[in-house]
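Hi,

Here is the structure I promised to pass on.

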Amino acid sequence: MGEKVVAGQFDLSDRQRYREKLRRCLTGLERLLAEKRFDRPKNLMGLEIELNLAGADGMPRMLNAQVLERIASRDFQTELAMFNLEVNIAPHRLGGRVFDRLDEELRTSLAYADRKAAEVDAGIVMIGILPTLDRDDLVSSNLSDVDRYALLNEQIVAARGEDFTLDIEGVEHLSCTSKSIAPEAACTSVQLHLQVTPERFAGVWNAAQAVAAAQIAVGANSPFLFGRELWRESRPPLFQQSTDTRPPELQAQGVRPRTWFGERWVTSAFDLFEENLRYYPALLPICDDEDPLEVLDRGGVPTLAELVLHNGTVYRWNRPVYGIADGVPHLRVENRVLPAGPTTTDVIANAAFYYGVVRALAEDSRPVWTRLPFEAAAANFDAACKDGIDARFTWPRRGRLGGLGDVDAVTLVRDELLPLAEAGLDAWGIEPADRDLYLGVIEERCRRRVNGATWQSATFHRALELGLTREEALAATTRRYRELTQLGDPVHTWPVGLPEPVPAV
């Protein structure tokens with residue numbers, strides 16, 4: 001989102017100059033696409049995971065600067081709040097035993113980070129929302145000490161013009177306000193990148209949008225926020241509300257939120273970048289010295305810095321990414337749907353399911369997005385966030401009659417999407433042992449109707465039955481979650497409840 005952003009004030013001319021520069025960048029992107037300047041297929045994927053820091057008591061620790069100093073690796077970076085970290089796994093080529101290699105790399109990296117965090121009495125927790133977070137933890141004074149976060153907070157708050165309202169009606173009801181974007185930091189996710197050619201971009205993005213609901217249904221892991229049990233995957237509504245620059249009047253007018261699912265299928269990556277310019281004012285109108293069109297005229301490759309920075313402040317669940325590697329431009333689809341955790345095996349299983357099913361759907365002779373209204377895909381996404389693995393979706397019927405039908409998430413995944421994912425992984429050249437192991441994890445979650453969210457909720461309620469207060473039950477659930485995460489067995493095998501009665505403190 002802009003590595004070299006520095007804090008400062010913007011005047012009126014900055015936004016006009018930035019808007020003009022954005023238009024020149026968009027024209028530059030259009031020319032790059034027309035001139036077919038993009039990288040050839042490389043089947044490259046990438047993985048980023050946002051993490052939480054918590055103590056042995058299960059409570060958040062505001063210590064990311066100290067932990068990062070001890071880790072001393074470029075693979076780990078700051079995230080929005082002081083209890084957040086992010087780990088980045090280097091790009092890998094899809095094929096062979098790539099998922100086993102990713103699992104091993106991730107286990108090694110996280111175990112090392114956890115040992116370093118222990119030096120300051122903290123530990124790594126890979127979870128969608130840390131259950132023990134309190135409203136007092138998510139305040140501007142706990143944002144990471146990085147200029148770009150301070151500036152982003154300042155600009156979103158200024159655009160909003162009043163407190164942010166968090167209002168989520170789930171199993172229980174949460175209603176509160178925040179004076180900053182800090183609640184966004186509660187949302188810790190997995191980002192899956194896939195490098196694609198311009199010709200394949202629209203098919204991959206549309207396929208990713210269509211299956212986002214299924215990803216959430218099998219992967220939900222964020223049922224708690226501020227001591228309340230809400231949606232099975234509470235990150236999307238929390239993220240949207242905590243970054244919403246629209247006061248109620250603009251919401252009533254239908255102005256788009258900066259965090260959104262979208263409103264249409266696309267025909268090109270250009271569609272999404274053009275939408276960004278049309279709908280979203282700049283939050284960080286910082287201009288680069290480069291003139292992208294002059295660079296193109298000279299035969300060079302423009303960085304499109306303003307376009308990239310602006311795109312980083314529009315929070316799509318499937319985001320287009322423009323990048324340059326070895327002097328050659330490329331496009332990626334960044335899938336931001338999934339919560340972090342519970343285990344590395346679960347994360348890699350979610351990734352295998354995504355990469356497989358997206359490949360198969362994108363290459364289908366009758367693409368699902370030609371048969372599924374976009375509004376239905378968006379409604380499916382909301383249903384999955386609310387109900388998780390128990391959600392029901394609208395989906396195209398198979399067979400000659402066609403049309404749309406109502407189907408529960410488990411049936412859709414087991415009967416239709418898992419076979420597609422298997423075919424997609426075969427098309428990538430994934431070894432059958434890897435394919436069967438990780439897709440088998442998804443199948444078992446469906447068979448047992450278990451994911452991270454169902455385990456957290458069931459264990460929390462067992463803790464209440466033991467006589468613990470809500471706060472004690474959430475802390476005990478978090479501690480038990482971390483223990484089981486470190487053992488490494490996938491979440492569908494976890495025993496529900498605490499290992500033994502925990503005396504009230």
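H330 touches F38, D39, Q195, V321, Y322, G323, I324 and A325, leaving out residues up to four places away in sequence; contact here means heavy atoms within 4.5 Å. This is a predicted model, where local features need pLDDT of at least 70, side-chain atom pairs count only at pLDDT 80 or more, and totals for chains, interfaces and linings use all residues. Residues are numbered from 1 along each chain as its sequence is written, and side-chain values use heavy atoms, with hydrogens and water left out.

Back to H330: it sits in strand β13, residues 328-335 (strands, E, of at least two residues and helices, H or I, of at least four are DSSP runs, numbered from the N terminus). H330 has a relative accessible area of 8%, so it counts as buried (buried is under 20%, exposed over 50%, partly exposed in between, with a 1.4 Å probe and protein chains only). Its side chain also makes a polar contact with the side chain of R332, at 2.8 Å (a pair of N or O atoms within 3.5 Å; within protein, one must be able to donate a hydrogen and the other to accept it, and residues adjacent in sequence count only if both atoms are side-chain atoms).

V496 lies in the segment after α16 (470-487) and is partly exposed, at 35% relative accessibility. Beyond its neighbours within four places in sequence, V496 contacts W455, A458, T459 and R462.

Lastly, helix α11 (residues 344-362) has 19 residues, of which 18 are buried.

Happy to chat about any of this!

Definitions and conventions: Expected span 1.5 Å × (residues − 1).
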